[in-house]
Amino acid sequence: MREIVKISSDATEPDREDVLRMQGIPMDKKPSENTVHLFEKSMELYRTYAQPMGIVSEISIPAFEVVYTGEALNEESTPLDEIFRKADNLALFAVTIGEPVIEEIDELFKSNEYALGSMLDATASAGTEKAADVLEKHFFDFLEKKAETNSATTILRYSPGYCGWHVSAQKQLFRYLHPEDIGITLLDSFLMRPLKSISGVFVAGKREIHVFGDSYPFCRHCETHSCRERIRIIMDKSRPHSRHGGV
Amino acid sequence: MEILNEISRYLQHGDCEKVGSLTRQAVEKVPPRDILDNGLIAGMNVIGEKYKAHEIFLPDVLLAAKAMYAGMDVLRPLFLKEEMPTAGKVVIGTVRGDLHDIGKNLVGIMLRGAGFEVIDLGNDVPPEKFVETAQSENATVIGMSALLTTTMLVMKDVIEIVKEQGLSDRIRTIIGGAPVSAEFAHEIGADSYGYDSAHAVEQIRVLIREVNGRHGDREKR
């Protein structure tokens, strides 16, 4: 299966708390009136300019091994290296919310509307994550239709540039997936354009395969340790098809 | 003076129109330098302190910065005859191969708000350009930003050029961006590391003080 998915921008509208967190505002702090007003304005702009699109393509474990290895620059041992061979299904993916939002952010900064530009940037980042969530759910539904899921099936996504998977693996990922078909290009520095894009692999399997420790050497440099929260969420068995967040 | 307190207060609320109109009123009776120091910069200093204390957050700082510029726009022509007061000159940019410039822009906004002169080279900046500009503009600090583990290595190239050209005693370097750390800054020989935009401003102030001290100059502010 290889599919281009047009995602409704409504489905990618980010939660206020996610956007404000990206603006450095903790959940337990009440944002100022000005901040709330900026958020609302940024959401209006997001609705006007976001053009979310995704592409997803199944990949076998041996084929993914090539993508994972990339330019042979990965850390010696990584969580994904342990996980992907235990997967039931794998799929490469890429999503973007398009270039117009980025252009609007640039325009806002050029016209000295820094606060709104910065808020829209955070809104766009959170919206891109939501777009990846939608695509991930789309892949889950596809597997479900093929009767390839069960009550323990969980999908999590992993991206080059995180947790020891070197960003240069983007080259192989692009070679296999061709996100150019939805307007995402890869620069020599392995940066994607449009900037608000996410690529990686969806790993579907028993929730236990996604559990790993945070004592890898590179974990010392990680400021978020957000993997802990992801693992906590997927191990909460009261939740159906749990996912959330990528590394 | 009450009008300067008013300017400071409205700036802290991010009210551009009020700051602009009060600054226009103030120039009738107060020297521009006093308006700058005791109205605009005083207001930004309060904003900086509140931000550090987590009493306010980024959006409020950016609104205040915009209000600061509204006041500066009124004052700038009045400083044409004398040199515009500056806390120092800084060249900033996102390094070659990297197009992320939000973090760098925020540092630029904060620096200008704190009275620094900023030359923003934009993104995807080649290493040589940082150093050439710092030399030609007589800037004291080069600030580099990167958001990728691949592009952060370019920062080292800039630092090496500064060293090779024997400029280390008068040009200081500072780095920032999601993948970099104080440890990385030390490893590549950067003079400083800013973990966020407010911290970067503080660090740049220290770097400029060091260089000015070494050269026996007096800081203007």
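At what angle do H3(A) and helix H7 (residues 170–177) of chain A pack, and how far apart are their axes? In this predicted model, local features need pLDDT of at least 70 and side-chain atom pairs count only at pLDDT 80 or more, while totals for chains, interfaces and linings use all residues. Residues are numbered from 1 along each chain as its sequence is written, chains are lettered from A and ligands numbered from 1 in the order in which they are written, and side-chain values use heavy atoms, with hydrogens and water left out.

H3(A) and H7(A) pack at an angle of about 140°, and their axes are 6 Å apart. Axes are lines fitted to C-alpha atoms, for helices over the stretch in contact, and angles run from 0 to 180 degrees between N-to-C directions. H3(A) is therefore oblique to H7(A); angles under 35 degrees count as roughly parallel, over 145 as roughly antiparallel, 65 to 115 as roughly perpendicular and the rest as oblique. Helices (H or I, at least four residues) and strands (E, at least two) are DSSP runs, numbered from the N terminus. Ala63(A), Val66(A) and Val67(A) of H3(A) make the contact with Gln172(A), Leu173(A) and Tyr176(A) of H7(A), contact meaning heavy atoms within 4.5 Å. By class, this contact of H3(A) with H7(A) has five nonpolar, one polar and no charged residues. Ala, Val, Leu, Ile, Met, Phe, Trp, Tyr, Cys and Pro count as nonpolar, Asp, Glu, Lys and Arg as charged, and the others, Gly among them, as polar.

Helix H5 (residues 99–110) of chain A packs on helix H6 (residues 114–145) of chain A at an angle of about 160°, with the axes 7 Å apart. The two helices, H5(A) and H6(A), are therefore roughly antiparallel to each other. Residues of H5(A) that meet H6(A) include Val101(A), Ile105(A) and Leu108(A), and their counterparts in H6(A) include Leu116(A), Leu120(A) and Ala124(A). The contact of H5(A) with H6(A) has, by class, eight nonpolar, two polar and two charged residues.

H6(A) also packs against helix H4 (residues 58–75) of chain B, at an angle of about 150° and with the axes 8 Å apart. H6(A) and H4(B) are therefore roughly antiparallel to each other. Tyr114(A), Ala115(A), Ser118(A) and Met119(A) of H6(A) are in contact with residues of H4(B), among them Leu62(B), Lys66(B) and Tyr69(B). Between the two chains, the contact takes 29 residues from chain A and 24 residues from chain B. The buried area (accessible area, 1.4 Å probe, that two parts lose on being put together, summed over both) is about 2100 Å² between chain B and chain A, with carbon and sulfur atoms giving 66%.

One salt bridge is counted between chain B and chain A, a salt bridge being a side-chain nitrogen of Lys or Arg within 4 Å of a carboxyl oxygen of Asp or Glu. Lys66(B) forms a salt bridge with Glu113(A), and the closest N and O atoms are 2.8 Å apart. Over all chains the count comes to 27 salt bridges. Glu58(A) and Lys146(A) form a salt bridge with closest N and O atoms 3.6 Å apart. This pair links distant parts of the chain, 88 residues apart: Glu58(A) is in strand E2 (residues 53–59) of chain A, and Lys146(A) is in the loop between H6 and strand E4 (153–158) of chain A.

Most residues other than glycine have a negative phi, and most peptide bonds are trans. Ala72(A), not a glycine, has a positive phi of about 60°. Arg193(A) and Pro194(A) are joined by a cis peptide bond with omega of about -5°.
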